[in-house]
Structures are given as structure tokens and as C-alpha cells.
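Hi,

Here's the structure I promised to pass along.

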Amino acid sequence: QVQLVESGGGLVQAGGSLRLSCAASGRTESMYAMGWFRQAPGKEREFVAAASWSTSNTYYADSVKGRFTISRDNAKNRVYLQMNSLKPDDTAVYYCAAGVLPRSGPYYITRSNYYAYWGQGTQVTVSS
């Protein structure tokens, strides 16, 4: 079992920045991929960014490329999402997720159904 706790959400004006953090505890010795997903009111949960266990491979949704950066510190069991140039469309609850994927590559790492563990979510609100 792995427990995930997100922090760092809040209210920010358009163009501003936030840094989300996700702390993992429990059986973190396994080689989990770590991802961030988000869900806006009335919309389905969508992929935002993910990093493989080695961090050599990172993946981003087209809507956040060039603005968001995912990073992880395996020694501290943490993953971060640096969000710059925020837009009102980025407003959502952001979830941290962890999973042991069947294979490497973008197909699996970008899909929420392959992640077994989820945090409780943190609200990000971007005002115009």
C-alpha cells in the first residue's frame, strides 16, 4: 500500500505560479510511476503530467507543455508539479497518483486506470 498526500494548491491570478507537492509513504520501495491528473467541475479527470521511476522520461498533456514541469525526488519519496503561466482553464482539483505500469511508454503512463494509488486532491483556482 502507498499513501499519497498533496499540498500546495490555492488561489492565484492568471499568469502566476504554484508548486504542488505530493508526499508518498508506505511501500514506496516499489518502482512506481508518478503522475498528476486534474478534474474540473463537470468534466472528466484528465492527465496532466507524469514521470517514470527513473525520471528520465516525463510526459505532459499538450495543454500544459512548456508551462508545467514534473519532477520527483525518490530519496524523499516526493513528486512535484511546478505550474507557471497559469490560466483560468487550469482551475481544477489536482490529484497525485502512483502505479506500477505494465509497460513503459506514453500509452500507459498517461491513463488514470493504470494508477493504483491516489491522493485526496488539492484545489487550484486561477482567477482572470
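The side chain of Thr 122 comes to 3.3 Å from the backbone nitrogen of Gly 9. Bear in mind that this is a predicted model, so treat my notes below as a reading of a prediction.

Where does Thr 122 sit? It belongs to strand β11, which covers residues 122-127. Is Thr 122 buried or exposed? Its relative accessibility is 10%, and because buried means under 20%, Thr 122 counts as buried. If you set aside the neighbours within four places in sequence, Thr 122 is in contact with a run of residues at Glu 6, Ser 7, Gly 8 and Gly 9, among others. Also on that contact list are Leu 20, plus Ala 92, Val 93 and Tyr 94. Which phi value does Asn 77 have? It is near 55 degrees, which is positive in a residue other than glycine. Asn 77 is in the loop between β7 (68-73) and β8 (78-83), and it is partly exposed, with a relative accessible area of 27%.

Ser 85 is not a glycine either, and its phi is positive at about 50 degrees. You'll find Ser 85 in the loop between β8 and β9 (92-99). At 41% relative accessibility, Ser 85 counts as partly exposed.

Cheers

Notes:
Residues are numbered from 1 along each chain as its sequence is written. This is a predicted model: local features need pLDDT of at least 70, side-chain atom pairs count only at pLDDT 80 or more; totals for chains, interfaces and linings use all residues. Side-chain values use heavy atoms; hydrogens and water are left out. Helices (H or I, at least four residues) and strands (E, at least two) are DSSP runs, numbered from the N terminus. Buried means under 20% relative accessible area, exposed over 50%, partly exposed in between (1.4 Å probe, protein chains only). A polar contact is a pair of N or O atoms within 3.5 Å; within protein, one must be able to donate a hydrogen and the other to accept it, and residues adjacent in sequence count only if both atoms are side-chain atoms. Contact means heavy atoms within 4.5 Å.
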